[in-house]
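This report is written for someone meeting the structure for the first time.

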Amino acid sequence: MKIVLFNWAPVYGSFNEGGGVSVYLKNIVDAFSKKGHDVTVISSGFFYNILRNDTYVKRTKTINGAKYIDIVNSGVLAPSYLMFQNIERAMKEDKTVKVFKSILDKLGDIDIVHFQNVEGLPWNVLELKKYFPKAKFILSNHNFHAICQQVNLWHQDRSNCTDYNRGEKCYSCNIFVENYIRTFSKRNASYYLGRDAVKDDKFLLFLFMLGTFYLNLNGDWLKKLHSKRSSLEGNIEHSPAAGKFLRRREYAVEMINKYCDTVISVSKEVENILIKNGVEKDKSIVSYIGTKHFKNQKLHGKPLVENRFTLAFLGYTRPDKGFQFIVDAFENMPSDLYGKLGFLFAGKITDPGSISKLEKNRQKFQSLTIIDSYKHNDLEGILEKVDIGIVPPLWHDALPQVAIEFLCHQIPIFVSDTGGQKEITVDPSFIFSSGDLNSFWEKMREIVTKKEMIADFWKLNRNLYNMEQHADDILDIYQGVAHSDHA
């Protein structure tokens with residue numbers, strides 16, 4: 001098959017933007033190419049060249065059988081939160097769509113156009129289905145970008161957005177002030193360097209900052225991308241106060257329902273929320289993503305060590321990931337559990353204050369280990385003495401990779417009920433109410449005192465797949481074959 005895959009961030013070479021979705025796409029491209037498919041990967045919204053005003057195509061070499069094409073100077077900057085002040089352009093922007101169409105025209109006879117996101121492109125790109133009726137247009141949802149410009153339904157970086165008040169809450173959501181001159185300077189440097197710009201490139205970054213600052217003063221190169229005025233604001237009949245954000249959600253869902261042949265969600269959590277917000281159920285399907293960590297090994301757990309019960313948290317020290325909740329939980333640890341639990345943290349420390357709180361409560365733990373950042377190659381050693389992994393997101397995390405990684409290392413997971421992780425936990429005894437300290441400790445105490453529950457945990461079947469199995473599943477979806485039991 002001739003397959004076109006889209007992701008806003010480039011996924012070749014040493015580029016490291018786009019988080020877990022980019023890592024996933026690298027793996028799926030590799031799997032498709034090895035199966036003999038003709039694969040082209042397009043990026044848009046990342047590369048910018050201040051020496052040109054037009055939107056154009058930059059081609060790279062074919063790498064391991066796959067072709068990579070980048071759209072430069074997209075009218076829609078990615079990731080999507082960077083377009084918060086210019087929602088109308090994130091919805092409709094014809095110049096970038098025209099360039100995207102030109103790529104598809106030149107490729108010819110396309111079977112599949114599979115969007116991993118619609119960041120870096122406007123939503124009206126989906127209208128191209130009219131020009132390529134034989135190609136299947138497919139959208140994967142690794143998050144909630146379809147209905148949320150912030151992508152995570154996490155209001156003001158502190159609470160779940162369960163009701164956006166028809167768009168009114170969105171105005172106060174993005175609390176971060178972006179330095180667009182710095183952003184474009186880094187993107188320009190990346191364009192010319194062919195890799196991510198880093199601190200060591202400070203002289204080049206300085207030159208581009210001067211150039212970008214000059215253009216911002218003397219032209220509309222930047223102004224068109226971060227305008228603070230919206231032509232849609234206050235002009236929507238449904239709710240004038242909501243304006244652009246209400247229309248943005250409605251328009252994206254309208255485009256999806258009208259032009260996408262299939263809408264893939266990475267978990268039932270994501271699917272349920274999208275359907276609730278208007279995405280057609282008949283087009284929707286769940287496909288749990290594959291991982292290199294799963295090699296069809298039997299998941300049976302590892303033997304518990306006497307007088308040791310160590311809990312672990314992997315990832316970022318962020319509120320949405322539930323880290324501050326965990327710190328809170330340990331501050332309020334029941335006294336009868338003092339000295340019975342160890343705790344290990346490994347990840348990126350962005351909130352040193354919470355780490356300090358853990359250190360102040362060191363006397364409550366059997367052991368306390370803090371590891372500031374790690375590489376995946378180190379994971380086996382880090383988790384060697386861990387007995388339970390904690391995955392406690394407060395937001396509707398689509399399908400946390402750390403949950404999969406714990407399981408693949410034969411470690412049971414104790415999770416919150418907000419997010420896709422509960423779908424691979426399965427055992428209700430290991431699922432607590434999100435953000436509820438009483439629920440957390442009530443269930444944790446039971447596991448600590450009845451360790452036979454861990455053996456019972458491993459008796460249940462779970463939706464875990466390696467990349468080859470997942471690639472086959474996606475190819476089945478492409479070909480319209482009845483979906484497997486992944487959903």
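**Confidence**

The structure is a predicted model, and its chain averages a pLDDT of 89, with 90% of the residues scoring at least 70. Where pLDDT is low, the predicted coordinates should not be read in detail.

An open sheet with mixed pairing is built from eight strands in the order 3-4-2-1-5-6-9-10. Strand 3 (56-59) and strand 10 (284-286) each have a single partner strand, so one side of each is left without a neighbour in the sheet. From one strand to the next, the twist averages 25°. Within this sheet, strand 1 (residues 2-6) is joined to strand 5 by four bridges in the parallel sense, and Ile3 has Ile112 of strand 5 as its bridge partner. Helix 7 (residues 268-276) lies across strand 6 (136-141), strand 9 (262-265) and strand 10, and runs at about 165° to strand 10.

Is Phe115 buried or exposed? Phe115, which belongs to strand 5 (residues 112-115), has a relative accessible area of 0% and is therefore buried. Leaving aside neighbours within four places in sequence, the residues in contact with Phe115 include Phe6, Phe100, Leu121, Val125 and Phe137.

Strand 15 (residues 413-416) is joined to strand 16 by two bridges, with Val415 standing opposite Ile431. Strand 14 and strand 15 pair in the parallel sense over three bridges, and here Val415 is the bridge partner of Val391. From strand 15, Ile413 and Val415 point one way while Phe414 and Ser416 point the other way, and all are buried.

Glu405 is found in helix 11 (residues 401-408) and is buried, with a relative accessible area of 5%. Beyond its neighbours within four places in sequence, Glu405 is in contact with His293, Leu314, Tyr374, His376 and Leu379.

| Pair | Apart in sequence | Apart in space, C-alpha to C-alpha |
|---|---|---|
| Glu405 and Trp123 | 282 residues | 34 Å |
| Phe115 and Ile87 | 28 residues | 20 Å |

**A pair of helices**

Two packed helices are described by the angle between their axes and the distance between the axes. The axes of helix 1 (residues 19-34) and helix 15 (residues 467-479) come within 10 Å and cross at roughly 75°, and helix 1 and helix 15 are therefore roughly perpendicular to each other. Helix 1 contributes Tyr24, Asn27, Ile28, Ala31 and Phe32 to the contact, and helix 15 contributes Met467, His470, Ala471, Ile474, Leu475 and Tyr478. The residues of this contact divide into nine nonpolar, two polar and no charged.

Conventions:
Residues are numbered from 1 along each chain as its sequence is written. This is a predicted model: local features need pLDDT of at least 70, side-chain atom pairs count only at pLDDT 80 or more; totals for chains, interfaces and linings use all residues. Side-chain values use heavy atoms; hydrogens and water are left out. Axes are lines fitted to C-alpha atoms, for helices over the stretch in contact, and angles run from 0 to 180 degrees between N-to-C directions. Angles under 35 degrees count as roughly parallel, over 145 as roughly antiparallel, 65 to 115 as roughly perpendicular and the rest as oblique. Contact means heavy atoms within 4.5 Å. Ala, Val, Leu, Ile, Met, Phe, Trp, Tyr, Cys and Pro count as nonpolar, Asp, Glu, Lys and Arg as charged, and the others, Gly among them, as polar. Buried means under 20% relative accessible area, exposed over 50%, partly exposed in between (1.4 Å probe, protein chains only). pLDDT is the predictor's confidence in each residue, from 0 to 100. Two strands pair if DSSP finds at least two bridges between them.
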